[in-house]
Amino acid sequence: MTTSNELSGELRLKQREQKIWLIKGSLFAIGLVSGGIVGYLVADDGFTSEAKWPPSLAIGLVATFLAAIGIGSWLLRELCDEVERQLQYKATAAAGLFYVVAYPVWFVLWKGGLLPEPSHWMLFLGFYAALAASYLFYRFR
């Protein structure tokens, strides 16, 4: 049996990529299951401003989210090289800049009666869209 030191560079890279996809797939599955549970338990009106979710659901979702983000980030960080890590840092900074600019601008325009009240989910989706777009920009420029 060969050890990892005896493996070719191509084989080590393939194993690393398989681990990365396994972690990402696991995180995706956790998100799917969580979303399915929310959809089943809160049904049609669960996302209105007035709707209240069961406390156990909220606590379970927060615990799952924090564990998935914390453990997933740590596992993926261990598998990334320095170039990938820099791409992720730049993309995260760009997405953070989006949020830091978008929320105050939207808030002020709402207070001025020019826009509707800031939407939490729109800002959340905007953050992730900015994260993905900036990652792709830095990755392929």
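Colleague: Buried means under 20% relative accessible area. With that in hand, which residues of α1 are buried?

Modeller: In this predicted model, the buried residues of α1 are Ile-20, Ile-23, Ser-34, Val-38 and Val-42.

Colleague: What do those buried residues of α1 pack against?

Modeller: They pack against α2.

Colleague: Okay, and which residues of α2 are buried?

Modeller: Leu-57, Ala-68, Gly-72, Leu-76 and Leu-79 are the buried ones in α2. They in turn pack against α1.

Colleague: How do the axes of α1 and α2 cross?

Modeller: Helix α1 covers residues 9-42 and helix α2 covers residues 55-79. Their axes come within 10 Å and cross at roughly 170 degrees. Angles over 145 degrees count as roughly antiparallel, so α1 is roughly antiparallel to α2.

Colleague: Which residues in α1 and α2 meet?

Modeller: On the α1 side, they include Arg-16, Lys-19, Ile-20, Ile-23, Lys-24, Leu-27 and Ile-30. Further along α1, Ser-34, Ile-37, Val-38, Leu-41 and Val-42 take part too. Their partners in α2 are Leu-57, Leu-61, Thr-64, Ala-68, Gly-72, Leu-75, Leu-76 and Leu-79.

Colleague: How many of the residues in that contact are nonpolar, polar or charged?

Modeller: The contact of α1 with α2 has 14 nonpolar residues, three polar and three charged.

Colleague: How far apart are the end C-alpha atoms of α1?

Modeller: They are 49 Å apart. At 1.5 Å a residue, the 34 residues of α1 should span 50 Å, so the two values agree. As for α2, its 25 residues reach 36 Å from the first C-alpha to the last, close to the 36 Å expected.

Colleague: What follows α1?

Modeller: Ala-43 does, and its phi is positive, near 50 degrees.

Colleague: New topic: how many aromatic pairs does the structure hold?

Modeller: It holds six. In one of them, the rings of Phe-124 and Tyr-128 have centres 4.9 Å apart and planes at 65 degrees. Planes over 60 degrees apart count as edge-to-face, so that is the label for this pair.

Colleague: Where do Phe-124 and Tyr-128 sit in helix α4 relative to each other?

Modeller: Helix α4 covers residues 120-140. In general, an α-helix has 3.6 residues a turn, so residues three or four places apart point the same way.

Colleague: Are Phe-124 and Tyr-128 buried or partly exposed?

Modeller: Phe-124 counts as partly exposed because its relative accessibility is 46%. Tyr-128 also counts as partly exposed, at 36%.

Colleague: How far is Tyr-128 from Thr-64?

Modeller: Their C-alpha atoms are separated by 19 Å, and the two residues are 64 apart along the chain.

Colleague: Last one: which residues do ring pairs link into a cluster?

Modeller: Tyr-99, Tyr-103, Phe-107 and Trp-110 are linked that way.

How values were computed:
Residues are numbered from 1 along each chain as its sequence is written. This is a predicted model: local features need pLDDT of at least 70, side-chain atom pairs count only at pLDDT 80 or more; totals for chains, interfaces and linings use all residues. Side-chain values use heavy atoms; hydrogens and water are left out. Axes are lines fitted to C-alpha atoms, for helices over the stretch in contact, and angles run from 0 to 180 degrees between N-to-C directions. Helices (H or I, at least four residues) and strands (E, at least two) are DSSP runs, numbered from the N terminus. Angles under 35 degrees count as roughly parallel, over 145 as roughly antiparallel, 65 to 115 as roughly perpendicular and the rest as oblique. Contact means heavy atoms within 4.5 Å. Ala, Val, Leu, Ile, Met, Phe, Trp, Tyr, Cys and Pro count as nonpolar, Asp, Glu, Lys and Arg as charged, and the others, Gly among them, as polar. The expected span of a helix is 1.5 Å times one less than its number of residues. Buried means under 20% relative accessible area, exposed over 50%, partly exposed in between (1.4 Å probe, protein chains only). Rings of Phe, Tyr and Trp (its six-membered ring) pair if their centres lie within 6.5 Å; planes under 30 degrees apart count as stacked, over 60 as edge-to-face and the rest as tilted.
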